[in-house]
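Please look through the sequence and the model below before reading on.

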Amino acid sequence: MMVNNVNKLYLIIFFHNLIPAYVIERLFWEQRGMTVLMVVLCEIIYAVSIVIFEIPTGVFADKFGRKTLLVIGAVLSMFEFIILLFAYEFWTFALVVFLAGISSACTSGAWNALLYDSLLTDKKQESFEKIVGRMNSLDFIAALLAALSGSVLAKYVGFEFNYIVSAASMFLGMVLTHLLKEPPRNRQQRKNEKSQSAFLVYVRKSITFYKTNPKVVTIITNAMGIAAFITYLDEFWQLYLDEIEFSVLFFGLFSACISLARIPGNLLAAYLLIYFKAQSIILFILGITTVCFFMIAIFPGVIGLSMIILIFLASGVIDPVVTGFLHHNGSSEIRATIESVQSLIESIITFTVGIGFGMISSSFSILSGFLFLGVISCLFFFYFLEKGFVKN
């Protein structure tokens, strides 16, 4: 029964996110000499590595199987934390994020493709959004536990110990990934495996999918814009707290609040789709994101912290809605590839926005950087408001 894959994926995602290193990541990097601009450069390297490897790994997953890519991603994730223990130079951090980009490219399409086809084998694909929501919620519960324990460990044991525990958690996730079962291949997939031009076949079919589904493109680009903005909020909220002079002990509690805030949206996503269109949901969240980024920059302190939590609360809906919409409209033979294209769009947006964010944050302050994100988010909102409700 492929349902066993779902249970294993629950455990894998738990250990993959039981990472106490994340709660003090920016402080650890800063302690090792990494400035905001250097971190943003690393984010750009991360985005570039995804751009390079995203489509090839998606095609590989569709052509030869999703489990292999998940195993490679798990191995690379474990080595990231081991390398960081010995990182003191920019190039070492750059190497880590490059490997992280490859790992993300390996798993981005393969993860949901394996999940969807496992459910499809047992004729339970209609529960995909619900399962994704539960998995994301488990992700955030693990992150919450890691945050609460990570801040205490950082205070009394030291930053390095957090990275040792994180590497051990990734090792457990890697072992469980080896135990996954590959869903059975259909006839068309086996035929493509034998085709010498199979790579181009997968890419051509994926491009055709997006060309013939303009609504999918609108929704994905909109949602990936939000994801790109939240990437920098996720990366730099620690510096925001540090700038308004909060103790490192508070970091774990605030990180836990962020994780808790993401859970309701993930659990409610499938329910909301009963009453609202995916496009309407995404546009509404983009509006909330725009207002909150302005508030974060203008009112640093309690109001700003509340707005950060509100952004994460609203954004929890995005992943189940978008991935569900994508997989319900896509075919099994190119499932990983079309999701890789989605991730590629996000990386390009993240890369572009990151250049401006990094330059402004380094030249002025982290508050100015968040104000910049608010302005870009506002531009996205009005563009897609017109494109989403007037043209469609």
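## Helix packing and cores

Helices α4 and α5 cross in a left-handed manner, where left-handed means that the near helix is turned anticlockwise from the far one by less than a right angle, and right-handed that it is turned clockwise. This is a predicted model, in which local features need pLDDT of at least 70 and side-chain atom pairs count only at pLDDT 80 or more, while totals for chains, interfaces and linings use all residues. Residues are numbered from 1 along each chain as its sequence is written, and side-chain values use heavy atoms, with hydrogens and water left out.

Helices here are DSSP runs (H or I, at least four residues), numbered from the N terminus.

| Pair | Angle | Axis distance |
|---|---|---|
| α3 (residues 36–64) and α5 | about 35 degrees | 7 Å |
| α4 (residues 66–84) and α5 | about 150 degrees | 8 Å |
| α5 (residues 90–121) and α6 (residues 128–156) | roughly 135 degrees | within 11 Å |

The angle between α4 and α5 makes α4 roughly antiparallel to α5, a term for angles over 145 degrees, whereas under 35 counts as roughly parallel, 65 to 115 as roughly perpendicular and the rest as oblique. Helices α5 and α6 are therefore oblique to each other, and α5 passes α6 in a right-handed crossing. On the α5 side this contact (heavy atoms within 4.5 Å) is made by W111, N112, L115, Y116 and L119, and on the α6 side by F128, I131, V132 and M135.

A nonpolar core is a set of buried Ala, Val, Leu, Ile, Met, Phe, Trp, Tyr and Cys residues joined through side-chain atoms within 4.5 Å, and buried means under 20% relative accessible area, exposed over 50%, and partly exposed in between, with a 1.4 Å probe and protein chains only. The largest such core has 89 residues, of which W29, F236 and F370 touch the most other members. Helix α10 (residues 214–243) gives the most to this core, namely 16 residues. A second, separate core of 24 residues includes L114, F128, V132 and L180.

Leaving out residues up to four places away in sequence, F236 touches R26, V36, V39, V40, F357, I366 and F370. E182, by contrast, lies in the loop between α7 (159–178) and α8 (187–194), and E182 is partly exposed, with a relative accessible area of 28%.

Notes: Axes fitted to C-alpha atoms, helices over the stretch in contact; angles between N-to-C directions. Helix = DSSP H or I, 4+ residues; strand = E, 2+ residues; numbered from the N terminus.
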